[in-house]
Amino acid sequence: MGPDITIRRATSDDITDIQRVARASWHEAYSDLMDDEDIDEMLDQGYSSEFLSAALDAREMTLFVAEDEYSVVGYVSCEPPGEDEVGQVSIYVSPDYWGEGIGTQLLEKAETYLETQDATVLQDIVLAGNDIGNAFYQKHFERTDETTVEMGDEEFDANVYTATLEPQ
């Protein structure tokens, strides 16, 4: 049994914790794919305080955090669907908590939330070399496509995972 976790909507007070989780999980998941400097550059751009603050205020993305009794240990970003009814999710959990079921709890929260936003399908794109991410999504989604993702000056092979939401 994993730790007692609370899932709640992120606030601006969570920005530093989200950055901490992102930094730890990106370095652990992507260190075999790119150098630490490139990872740090991506994190500095994609997880800047300004970007996260704007994301928390925007309608285009909603963030939820998972916290144990001490701190935030994971998060999920949810992008509501456009006309295609496909909601986008992205889940990260601190490496110390991998395998504890926290990613599944975050996914369940994302599903519930995105259903209220009229999503009928969830999707995420995971770098092919991200073993932990692929293992997680293979348990919950179907791999429906392959693509390439540009990160920095490089292109990476990636898997597209899709899940159909069951009507409540």
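Predicted model: local features only at pLDDT ≥ 70, side-chain atom pairs only at ≥ 80, totals over all residues.
**Entry 1: strand pairing**

I started with strand 7, which spans residues 154-164. Strand 5 (residues 121-127) pairs with strand 7 in the antiparallel sense, and I found 7 bridges there.

Then I turned to strand 6, residues 142-151. Strand 6 also runs antiparallel to strand 7, over 9 bridges. Here I picked Arg-143 and found Tyr-161 as its bridge partner in strand 7.

How many residues lie between strand 6 and strand 7 in their hairpin? I counted 2, and Gly-152 in that turn has a positive phi of about 65°.

Glu-85 is one of them, with a phi of about 65°. I located Glu-85 in the loop between strand 3 (72-79) and strand 4 (86-93). Its relative accessible area is 39%, so I wrote down Glu-85 as partly exposed.

Asp-118 also has a positive phi, near 70°. Asp-118 belongs to the loop that joins helix 4 (102-116) to strand 5. Is Asp-118 buried or exposed? At 58% relative accessibility, Asp-118 is exposed.

**Entry 2: salt bridges**

My search gave 6 salt bridges in the structure. I looked at some of them in detail.

- Arg-8 and Asp-14 meet through their side chains at 2.7 Å, N to O. Arg-8 is partly exposed at 24%, whereas Asp-14 is buried at 4%. I also saw that Glu-67 joins Arg-8 and Asp-14 in a network of salt bridges.
- Asp-17 and Arg-20 form a salt bridge with their closest N and O atoms 3.3 Å apart. Both sit in helix 1 (residues 15-30), and because they are 3 residues apart there, about one helical turn separates them. Asp-17 is partly exposed at 22%, and Arg-20 is partly exposed at 37%.
- Glu-146 and Arg-143 make a salt bridge at 3.0 Å, N to O. Glu-146 is exposed at 54%, while Arg-143 is partly exposed at 45%. This brought me back to Arg-143, the residue whose bridge partner in strand 7 is Tyr-161.

**Entry 3: a patch of negative charge**

Next I checked the surface for clustered charge. A negative patch gathers Asp-35, Asp-36, Glu-37, Glu-41, Glu-150, Asp-153, Glu-154, Glu-155 and Asp-157. Which elements each supply at least two residues of this patch? I noted helix 2 (36-46) and strand 7.

I took Asp-157 as my example, a residue of strand 7. Its relative accessible area is 53%; the cut-off for exposed is over 50%, so Asp-157 counts as exposed.

**Entry 4: a buried phenylalanine**

Last, I looked up Phe-141, which I found in the loop between helix 5 (131-140) and strand 6. Its relative accessibility is 8%, and since buried means under 20%, Phe-141 counts as buried.

I also took one distance from Phe-141, to Ile-102. The two residues are 39 apart in sequence, and their C-alpha atoms are 16 Å apart in space.

Terms used
Residues numbered from 1 in each chain as written. Heavy atoms only, no water. Pairing = 2+ DSSP bridges. Helix = DSSP H or I, 4+ residues; strand = E, 2+ residues; numbered from the N terminus. Patch = residues over 30% accessible without salt bridge, like charges linked within 9 Å, V, L, I, M, F, W, Y side chains within 5 Å. Areas by Shrake-Rupley, 256 points an atom, 1.4 Å probe, with all protein chains shown as cover. Salt bridge = Lys/Arg side-chain N within 4 Å of Asp/Glu carboxyl O. Lys, Arg positive; Asp, Glu negative; His and termini not counted. Charge placed at Lys NZ, Arg CZ, Asp CG, Glu CD. Buried < 20%, exposed > 50% of the residue type's maximum accessible area, 1.4 Å probe, protein only.
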